[in-house]
Amino acid sequence: MKGGRPAFDSALTALAPAVWGSTYLVTTELLPADRPLLASTVRALPAGLVLLAIGRVLPRGVWWWRASALGVLNIGAFFYLLFVAAYHLPGVQPMLVLLLGALLLKERIQRVQLAACVLGVLGVALLVLQPRAGLDSVGVLAGLAGAVSMASGIVLTKRWGRPEGVGVLTFTGWQLTVGGLVLAPVMLVAEGLPGEITGTNITGFAYLSVIGALFAYAIWFRGIGRLPALAVSVLGFASPLAATLLGYAFLDQKLSVLQAAGAMAVVVAVVLAQPRPERNARAGTGGPSLMSRQHAPAGRGKP
């Protein structure tokens with residue numbers, strides 16, 4: 001394994017949550033008002049169907065229920081719960097990945113990992129919890145459930161890997177299709193279809209589907225296959241960071257001193273959580289850990 005490869009994988013994977021951080025800007029500026037479930041469905045289903053048409057491979061055997069479970073956890077349930085939560089708890093997901101990784105992947109928790117999680121939680125809190133913000137019971141429950149959904153999806157994706165001979169684009173297509181099919185009936189019942197779609201709306205929907213789903217989730221699932229589960233999850237802190245910076249750049253939102261401190265804390269947390277190949281090479285004892293786990297997808301037998 002080349003020394004610079006983990007750094008490249010981390011940087012590429014970080015593009016996915018950074019793209020997701022742009023969703024707020026695109027939704028408010030380009031999409032029909034008050035249509036979060038429509039945006040989620042259009043974001044997932046067309047991209048999933050395109051990838052299925054390209055790959056022309058359907059799940060087999062046990063992968064029917066595995067792909068369905070991952071599609072619900074990573075896409076369908078997560079999108080729904082994220083939009084239900086008016087104010088969700090920031091930064092919970094990496095801590096859950098740390099605990100689930102210890103239970104399901106039998107990985108040892110290290111102090112630097114705990115430090116990265118705590119620092120990231122603090123940083124995101126400084127970014128999004130402003131003095132006038134509040135947390136209601138529905139938002140708290142939905143935010144926690146959404147964090148559990150995504151964290152479980154990350155860990156199970158890491159544990160199961162991909163079936164032999166199935167590429168990351170086809171694997172992504174399975175999950176996006178399942179997620180979109182789960183969201184579609186909820187959208188039709190809760191919101192219905194808009195009476196009018198403008199050219200601006202179409203541009204926004206195209207961005208969400210092609211960039212926000214097809215591209216972003218392809219590199220996200222690639223990263224899950226190559227990086228430790230916690231390292232991938234902490235990269236998710238890039239999403240609120242990107243949303244804050246885009247709001248500052250395009251929506252004339254002010255960036256406070258506390259938010260700037262939060263942004264720095266997020267960057268440090270992400271760096272702390274990423275794998276260090278020079279340490280991995282020297283570590284010959286002590287058992288597996290979230291920082292030293294091999295980067296190959298589970299069950300594929302190749303580095």
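Biologist: Which cluster do ring pairs link W63 into?
Modeller: The model is predicted, and it holds eight aromatic pairs. Ring pairs join W63 to other aromatic residues in a cluster. Its members are W20, W63, F171, W174, Y217, W220 and F221.

Biologist: Are the rings of W20 and Y217 stacked, edge-to-face or tilted?
Modeller: A pair of aromatic rings is described by the distance of the centres and the angle of the planes. For W20 and Y217 the centres are 4.7 Å apart and the planes are at 40°. Planes under 30 degrees apart would count as stacked and over 60 as edge-to-face, so the pair of W20 and Y217 is tilted.

Biologist: How many residues apart are W20 and Y217?
Modeller: W20 lies in helix α1, which covers residues 5–21. Y217 lies in helix α9, residues 199–226.

Biologist: Is Y217 buried or exposed?
Modeller: Buried means under 20% relative accessible area. W20 has 13% and is buried. Y217 has 1% relative accessibility, so Y217 is buried.

Biologist: Which residue has its charged end over the ring of W63?
Modeller: W63 belongs to the ring cluster. A charged end sits over its ring, 5.2 Å from the centre. That charged end belongs to R66.

Biologist: Leaving aside its neighbours within four places in sequence, which residues is S209 in contact with?
Modeller: S209 is found in helix α9. Its relative accessible area is 9%, so S209 is buried. With neighbours within four places in sequence left aside, its contacts are V42, R43, P46, A47 and L214.

Notes. Residues numbered from 1 in each chain as written. Predicted model: local features only at pLDDT ≥ 70, side-chain atom pairs only at ≥ 80, totals over all residues. Heavy atoms only, no water. Phe/Tyr/Trp six-rings, centres within 6.5 Å; stacked < 30°, edge-to-face > 60°. Helix = DSSP H or I, 4+ residues; strand = E, 2+ residues; numbered from the N terminus. Buried < 20%, exposed > 50% of the residue type's maximum accessible area, 1.4 Å probe, protein only. Lys NZ or Arg CZ within 6 Å of the ring centre and 35° of its normal. Contact = heavy atoms within 4.5 Å.
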